[in-house]
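Subject: Structure handover

Dear colleague,

Please find the structure below. My notes on its salt bridges and packing follow.

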Amino acid sequence: MTEKLEGYERYHQFMDKLTENNVDEYIDLPMIAVMGDTSSGKSSLLSNISLVELPSADCLTTRCPIMLKMHHDEIRSATVKVSWKDRPEGEGVDFAERKIEEENWNSITSAIADAQAHIIQKSKKQVARDIVSVDMRGPHCEDLTLIDLPGIVRTSGKDESATLAGDIHGLMNDYLVNPRCVILAVLPCNVDFHNSQILAEAKKVDPETKRTIPVLTKPDLIDGGGESSVKKLLLGMETESFCMGFHMVKGRGQAALDKNEALRKVSNMKNHSSKTTNPGEARIRTSLLAGLQMEIIRSSFKDIVSDLKSQRDSAVTSYQALGNVPSDSEGKRALFRSIQEEIWKGISTKTLDGYISSLHRDSKMRHSAKFHEASRSFQDALNSSKLANISDVAIGTKIIAIHSGKEVCGEVCFIDEEKDHVFIKNFVAKKGVNSASFIKKGEPGNIIQKGSKVYIELEDGTVDQLYSFELKFARPDPEWLSDLIKQNRPYKLPIFINTSVFDAIVADLIAKDWAQPTMDLLDCTTKLMNHAAEEFIKELKQTASYPSLQNVLVIKASEVVEHLTRDTRGKIEEFVTREQVPYTQNHYLFENVCKLRSQRLMDEVLSVLPQGTPNVNSLASTVTLPTSLASTVKNVFSETKRVDDHMAEEMQNALNSYGKVALKRFIDNVPMICVEIMQKFADKMNDILSKTTDEEIERFVVAPPNTVDKINKLKRKGDTLDKGIAALSELF
């Protein structure tokens, strides 16, 4: 560590440039900071190290950081300037840089005092973060940078701010928490180190004490008999909790300062270190501190460069996300029109189709996919309706089943879907079966299935076996239609289907089962469009800095959606009303009605014919004689029906066929009408925004003060870190 540092001048210059450009506001830079109580000897320690008298009169204490940047050179020279951290507004803020040469060297103290006074005056603070920067060169200097911080106080004096102690602690903490900051913790010899606040604060942030150097000052104040305690500290006998041990420095006392005795004439200054067995043999030399600082710079250089670039990139990205804030009317108008065009061109991609730049792999669905899901739910609702399922057989419905060529009516109580068999309540194959092996619930009507047989519990606790019918020979009982026909029969010959009754049934079923799912899909589409528009507007980078503009655009988008929904609702209602008047030229309707008419007769014939595969070895047993077949068919066709039953069956066939046709039209047309809200939104929104006046734009395009402040801070951060990167490119 004590090696000559001339070869590392570039590193020092790089760190100096970073500090000069306030990069330390964002990046933890290597530094050595002197901290301690007021009047603990901090400034005197720095004076001894730099051989420069710092302001340390009893009436003048340090109220802002003083940075000493020392460089070895043949001729003494110095520059004193102010580095603003929180630059105040107003005139006369800039401090005229002071140049000190050999001939006016003694003026360096007053220059530092003037710079500090300038900071306090202009910042209107009693404690400031702004730095008095002293760039000093000379043969007495090592390549070393030190920072003197305001001394710790515990209470406020007359004419001092009540927050003085807290302000100083906050400033000191900014340096303490920097993991690359070496803490020169100063405490007078007459203060018990157990009670030292600076050592306690250092231990909080540096528990392993790898970057804390305790320095004892003012040994002349040691009380008689107290020398042994100080000696034990220096020898490491009192505590081993500090890796780099205790050091001691004696400088000029206040009397010597008041007499203006030169630093070079003070001969009783000694520096001792606990790293030796004899405290008089070693000194805390500036070369030791310089070597320590260089080691920190070298070990952290890579990380500093990495932090510099990553934070710059992050600041630039955040700044670009917020966008520029135009200050004039022309800039605001250009921004508004640019946003208008982006909404016009981009909203379709967000809602319906267009170019998909990336796949959604998370649980979040595109709005177009959500619309398809809503359309599927709409389709499912219609598919489960009565008009779409006139011919379906389900548990609880009344059916007509064919048994040996005869029709049997009853309520379905169980369907064996695996074997395609249906069971009718109260149609019993065997009464009072032995139920000892059954698991009964004691509930009348409870169905028990064992193998291919089905049983039903009765009220008296007994169990009957139900007769099974083939599902293909079962159809819904049109009795409900018979009642409607009777109640609505006009004065006409009752041998044809009454079209008025048919129309009324279709209109009623559509209004009852299809109208609400249709409106539900419309409402869902409206919500999707509103959500998509709001999401798109709020995700626009150009609107990020303008919450009031975002709100205006969202409101206008909602108004557009409301207008489009109103128009679409009218089209939907018109479509539903039109569909309530049955009409079609679809050949499926006529073909299916004819098929259903003959299906019943075919089922009855097939139900009485022998079933199974013919046995070639017993032809006689599998072939029905023509006379038997003729008799069976004759019996089927000779069965007579009441006119009302015939009309009901014909009506059911017609409703069954027409329901399938109308269902397809609804499933296709309703989503196509609803989606017009999404299809027409972009153009309608563009028309509305085109009518926005310049006065409205001036009122809408206003960034809130906190956003402007955030943008300015990000710009400042990006510019500051850019200077650091420029310094890196220049020196390396």
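There are 31 salt bridges in this predicted model, a salt bridge being a side-chain nitrogen of Lys or Arg within 4 Å of a carboxyl oxygen of Asp or Glu. Local features need pLDDT of at least 70 and side-chain atom pairs pLDDT 80 or more, whereas totals for chains, interfaces and linings use all residues. Residues are numbered from 1 along each chain as its sequence is written, and side-chain values use heavy atoms, without hydrogens or water.

One of the bridges pairs D694 with R333 at 3.6 Å, N to O. D694 lies in helix α19 and R333 in helix α9, 361 residues apart (helices are DSSP runs of H or I, at least four residues, numbered from the N terminus).

Helix α13 takes part in two others: R569 meets D523 of helix α12 at 3.1 Å, and K571 meets E676 at 2.8 Å. E676 lies in helix α18, so the latter pair ties together parts 105 residues apart in sequence. K571 is partly exposed at 33% relative accessibility, whereas E676 is buried at 19% (buried is under 20% relative accessible area, exposed over 50%, partly exposed in between, with a 1.4 Å probe and protein chains only).

The largest nonpolar core has 69 residues, of which I343, F666 and F681 touch the most other members. Helix α12 gives the largest share, 15 residues. Such a core is a set of buried Ala, Val, Leu, Ile, Met, Phe, Trp, Tyr and Cys residues joined through side-chain atoms within 4.5 Å. A second, separate core of 50 residues includes M15 and F301.

Regards
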